[in-house]
Amino acid sequence: MFRHFRAHRHEHMHGWRRGRHGIGLGGRHGGRKRAFEQGDLRFVLLKLIAEKPRHGYEIIKAIEETFGGTYSPSPGVVYPTLTLLEDMGLASVAPGEGSKKLYTITPEGEQFLADNKPSVDAVFARMDEARRAFGGGMAPEIRRAMQNFRTAFELRLERGPLSAEEVAKIAAAIDAAAAEVERS
């Protein structure tokens, strides 16, 4: 499919999305599987800053790399979660370069990770699964075929309105292609 997920404001609550239209991965919330279940992002952020102190932007990039480039969380989710971790005493913030803040894990944060190791491991296993499943992007042949369809459809629409018979014929062709993809 598309190369990158585009994170939306509440992706941890509403599911992974690709581009403007969202591609479902199965599961809840309109057929989409959540990138992070309730509280999972806290585990991810803590584990990343436990590895080494990081700035918020570095954390976002590390998550994107962990997903193999298929998902990138929005700053509107990451920064409030980092603030929450700081408020909980699980992370601390030190002034960094310019206005950047450097996030580090506290001893309480390390204990929190240790106490929740099975959950942390499960979150990272799901992230690895998503990377394996979607990290390769769409095959060039499929991308070419989809572009070919789009171009053919747009060229046909330029010739004028579709008759009811033409609409039915095109819809049947698209439905047949979709059924074939589902059988694959």
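Reply: One begins with the elements. This is a predicted model, and its protein chain contains 9 helices and 3 strands.

Me: In what order do the elements of the protein chain run from the N terminus on?

Reply: The order is α-α-α-β-α-α-β-β-α-α-α-α, read from the N terminus.

Me: What share of the residues in the protein chain is buried?

Reply: Of the 184 residues in the protein chain, 32% are buried. The accessible surface of the chain comes to about 11,300 Å², and carbon and sulfur atoms account for 56% of that surface.

Me: Which residues have the most contacts inside the largest nonpolar core?

Reply: The largest nonpolar core has 29 residues, and those with the most contacts inside it are F36, V44, L45, L46, I59, I63 and M127. At least two residues of this core come from each of α3 (40-51), α4 (56-66), α5 (75-87), β3 (101-105), α6 (107-115) and α7 (117-134). Helix α3 gives the most, with 7 residues.

Me: Which residues does L45 touch, not counting those up to four places away in sequence?

Reply: L45 touches I59, I63, V78, T81, L82 and L85 when residues up to four places away are set aside.

Me: May we turn to the strands? How does one read a sheet in general?

Reply: Strands of a sheet pair through backbone hydrogen bonds, and the pairing is either parallel or antiparallel. In this model, an open sheet of 3 strands has the order β1-β3-β2, and its pairing is antiparallel. The edge strands are β1 (54-55) and β2 (91-95), each of which pairs on one side only.

Me: How many bridges join β1 to β3, and over how many do β2 and β3 pair?

Reply: The antiparallel strands β1 and β3 are joined by 2 bridges, and R54 stands opposite Y103 in β3. Strands β2 and β3 pair over 5 bridges, again in the antiparallel sense. There, P95 stands opposite K101 in β3.

Me: Which helix packs on the sheet?

Reply: Helix α3 packs on the sheet and touches β1, β2 and β3, and the direction of α3 makes about 95° with that of β3.

Me: How does one describe two helices that pack together?

Reply: Two packed helices are described by the angle between their axes and by the distance between the axes. Helices α3 and α4 provide an example: their angle is about 105°, and their axes are 10 Å apart. Because an angle from 65 to 115 degrees counts as roughly perpendicular, α3 is described as roughly perpendicular to α4. At this contact, L41, V44, L45, L48 and I49 in α3 meet I59, A62 and I63 in α4.

Me: At what angle do α3 and α5 pack?

Reply: The angle between α3 and α5 is about 80°, with the axes 10 Å apart. Helix α3 is therefore roughly perpendicular to α5. The residues that meet are L41, R42, L45 and L46 in α3 and V77, V78, T81, L82, L84 and L85 in α5.

Me: Is V78 buried or exposed?

Reply: V78 lies in helix α5. Buried means under 20% relative accessible area; V78 has 0%, so V78 is buried. Leaving aside neighbours within four places in sequence, V78 is in contact with L45, I59, I60 and P73. V78 and R42 are 36 residues apart in sequence, while their C-alpha atoms are 9.0 Å apart in space.

Me: What is the relative accessible area of R131?

Reply: R131, placed in helix α7, has a relative accessible area of 31% and is therefore partly exposed. From R131 to T66 the separation is 65 residues in sequence and 7.3 Å in space, C-alpha to C-alpha.

Me: Where does L162 lie?

Reply: L162 lies in the loop between α8 (140-158) and α9 (164-183). Its relative accessibility is 25%, so L162 counts as partly exposed. Not counting residues up to four places away in sequence, L162 touches F153, R156, L157, V167 and I170.

Definitions and conventions:
Residues are numbered from 1 along each chain as its sequence is written. This is a predicted model: local features need pLDDT of at least 70, side-chain atom pairs count only at pLDDT 80 or more; totals for chains, interfaces and linings use all residues. Side-chain values use heavy atoms; hydrogens and water are left out. Helices (H or I, at least four residues) and strands (E, at least two) are DSSP runs, numbered from the N terminus. Buried means under 20% relative accessible area, exposed over 50%, partly exposed in between (1.4 Å probe, protein chains only). Accessible areas come from the Shrake-Rupley method with a 1.4 Å probe; for residues, only the protein chains shown count as cover. A nonpolar core is a set of buried Ala, Val, Leu, Ile, Met, Phe, Trp, Tyr and Cys residues joined through side-chain atoms within 4.5 Å. Contact means heavy atoms within 4.5 Å. Two strands pair if DSSP finds at least two bridges between them. Axes are lines fitted to C-alpha atoms, for helices over the stretch in contact, and angles run from 0 to 180 degrees between N-to-C directions. Angles under 35 degrees count as roughly parallel, over 145 as roughly antiparallel, 65 to 115 as roughly perpendicular and the rest as oblique.
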